[in-house]
Structures are given as structure tokens and as C-alpha cells.
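Here is a structure to walk through step by step. Keep the sequence and the 3D view side by side as you read.

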Protein chains: 2
Amino acid sequence: MGNATLRPPAKAAAAQRLIRAAGERLTAPRTAVLAVLLDAKRALTHHEIESALAPGVPVDRVTVYRVLDRLVTLGLAHRIPGEDRTWRYVASRDSSHGPHAHFTCSRCGKTVCLEAVATPPDVKVPRGFLPQKVELTVQGLCASCH
Amino acid sequence: MGNATLRPPAKAAAAQRLIRAAGERLTAPRTAVLAVLLDAKRALTHHEIESALAPGVPVDRVTVYRVLDRLVTLGLAHRIPGEDRTWRYVASRDSSHGPHAHFTCSRCGKTVCLEAVATPPDVKVPRGFLPQKVELTVQGLCASCH
DNA sequence: GTGCAGATGCAATTCGGTTGCGTCCCGCTC
DNA sequence: GAGCGGGACGCAACCGAATTGCATCTGCAC
Ligand SMILES: [Mn+2]
Ligand SMILES: [Mn+2]
Ligand SMILES: [Zn+2]
Ligand SMILES: [Zn+2]
């Protein structure tokens, strides 16, 4: 009825579909958190996710952490370690495209996926070492910070 | 006179030379911390550095943090962000060789420089973004963990 | 509708790192 | 070799992201 609710965004339905498809129990916190991620144009911190959630159903901080962990495990999201010691989360748009680089603005912290830049799959490691995952992060200034 | 002191290691003299050469005031904490780094064969956490220091002159935790910051600023050491949200520090062996990749064991946390692997200098970023530093980290299992 | 494994909420805790501030001491000057 | 001044140090308090323990609740298979 024309109410002014800004959250949850239209992505809620998509979120539900993805969670179901992953064979997970469908809960309000999961739907809400994933919807926020699907709606975002950049990587979000736990804190940013929490406040994007606030107006609707309140979700406990710890639950947000646990939901995010779960989404990452399921491959529905990935998380990026930050220079500022906080994780940032992004919905994994398309499970078909591989691991990629990320850019973080050292001034405002804004973090985005560089989907065009694949991480090198062929790094040479010392004898006996078993490489599993390659992380490629670019620090610098974003468009609005320089 | 033949006492069994294990610390500071023989690298103390080298540490003093480097600190002097950087135009810095020579203090016991600085010498001790840098000597530990010069003696290490892998990247060390703040905690590891602190305990490597312990038997000799006790140095305050906070001082260790400040000394490490300073060494990094001076280019005498570099630090590596970890998946476990802790920095690891390495003496910068040779100021002449550029930025390189790192390997971190996801089981034991052991971190080493992959000096042979240079970080790609040419990453393509979105319009208006200014890249400044590229971080290339390989996660996996070290020789003694798999 | 019932039962239960799994999910949530809440409070307390951990832990790497930082800040404020009074005291100390390195290295320069005379 | 004393005197001095600014930087370095030690100590205690603090911060914030993330984790843990546990009681309660709930999605969903039956
Ligand atoms: Mn990404
Ligand atoms: Mn290195
Ligand atoms: Zn920015
Ligand atoms: Zn290992």
C-alpha cells in the first residue's frame, strides 16, 4: 500500500531463491542479509550491512556474522580481507567466473571487485608447499578520493 | 664470558648499523626488534617477536608496535596482512628488489616471502581510480602441514 | 500438529592493535 | 663531561571487530 519502506530491496525474492537453491533453511535474517548484498554495488563491511538492515526486521550483530559466514561457505558471497583488519562482503554475482582481484581505496575504504582481473593461477611456491587460493588486492585512491 | 644467552642474536650489530644508517636514534628496543627480524627465516607476528625478545631486555608491547611501525616506514621491514587479521613482519633484506608475493599456510599461519614472484605492476583499474600498491598473497599448506 | 536439528538473540569474552600521558634517555652543544 | 630538549619508552586504559556459550525459538520434514 504505498508505504515508504526502503528495505528490504527488490532483491529479497532473488535472495530467497538463492538460499532455497543452496538447500538451506529459509530465515528472515538470511534473506535480509543476502538481499542487502545483492543490492550493493561494492563490498560492504559487517557494520555497513547491519545498518542497511536496520529499518526492517532487526537482526542481531552476531547473527549477521553467522549468516555471512554461511553465505561465504555456500559460495553465495565472498569476503575480502582489508588493510584495516575488517572483512568486506560481496554477493558472488555469477558462480561461473573465477577468482578475481579487488581494489580498496586507502582513504575511504571503498572496495570493489575487479572482475576483469583474474588472479594468476600459476604462482610458483617453494618445494613441498601446496597453493590453494590466490589473493590479489590493489590499494590506491578511488575516483572520489583523488 | 661464555654465558648461554640465546638473545640477542648475532644480528644485533647489523641491526645497529641499519638503524644508524637510517638516521634514527639508536635505542635498545629498536636494536633488539630489528635483530630478531634479521634473524628470522619467515614473517613474524607481533606476538612472536615479543617472545623472541623476552629473555633479554624486556620491551613493552606498545614499544614493539611502535618500533615495527617505524621500521616499516623506514623501509627496513615490510608487513604482510594476514587472513587471521594480524600483521606479520619481515626485515627487508635488500632494498633493491621490488614488491613480491607472499605465501601463508592456512593451517599453521607460517608466512614467507616469495621473492621470486613479483607483484603484477600493471593491473587495470576502473576509470578515475589510482592504483598505488599491489598485494599478492597465496594461501595454502606449507611443507610441514600437508 | 509435533518434534527436533539447526538458527537466533543476548551477554560476555577474546584479542590485535591504539591512545594518552608522565618519565626517561639519546645525541647534540658548549 | 655536564646541560638540555625532543623524541622514545613504559604503563594503563581503551577500542572495535569478531567469537563463544548458552538458553530459547523456529523452519520444515514427517
Ligand atoms: Mn570480488
Ligand atoms: Mn616479503
Ligand atoms: Zn575513496
Ligand atoms: Zn603450515
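A polar contact is a pair of N or O atoms within 3.5 Å; within protein, one must be able to donate a hydrogen and the other to accept it, and residues adjacent in sequence count only if both atoms are side-chain atoms. Hold on to that rule. This is a predicted model, in which local features need pLDDT of at least 70 and side-chain atom pairs count only at pLDDT 80 or more, while totals for chains, interfaces and linings use all residues. Residues are numbered from 1 along each chain as its sequence is written, chains are lettered from A and ligands numbered from 1 in the order in which they are written, and side-chain values use heavy atoms, with hydrogens and water left out.

Start with DNA strand C. A:D60 uses a backbone N or O atom, 3.3 Å from a phosphate oxygen. What does A:R66 approach with its side chain? A base oxygen of DNA strand C, 2.7 Å from a side-chain N or O atom of A:R66.

Now widen the view. A residue is near a strand if one of its heavy atoms lies within 4 Å of it. There are 25 residues around DNA strand C, and A:T27, A:R66, B:L26, B:R61 and B:W87 come nearest. By class, this surface has 9 nonpolar, 4 polar and 12 charged residues.

Next, turn to the two protein chains. Contact means heavy atoms within 4.5 Å. By that rule, 33 residues of chain B touch 33 residues of chain A. Together the chains bury about 2900 Å², with 63% of it on carbon and sulfur atoms. Buried area is the accessible area (1.4 Å probe) that two parts lose on being put together, summed over both. B:E83, B:R85 and B:F129 supply 21% of the area that chain B buries against chain A, more than any other three residues.

How many salt bridges link chain B and chain A? The count is 2. A salt bridge is a side-chain nitrogen of Lys or Arg within 4 Å of a carboxyl oxygen of Asp or Glu. One joins B:K133 to A:E83, with the closest N and O atoms 3.4 Å apart.

Terms used. Nonpolar A, V, L, I, M, F, W, Y, C, P; charged D, E, K, R; others polar.
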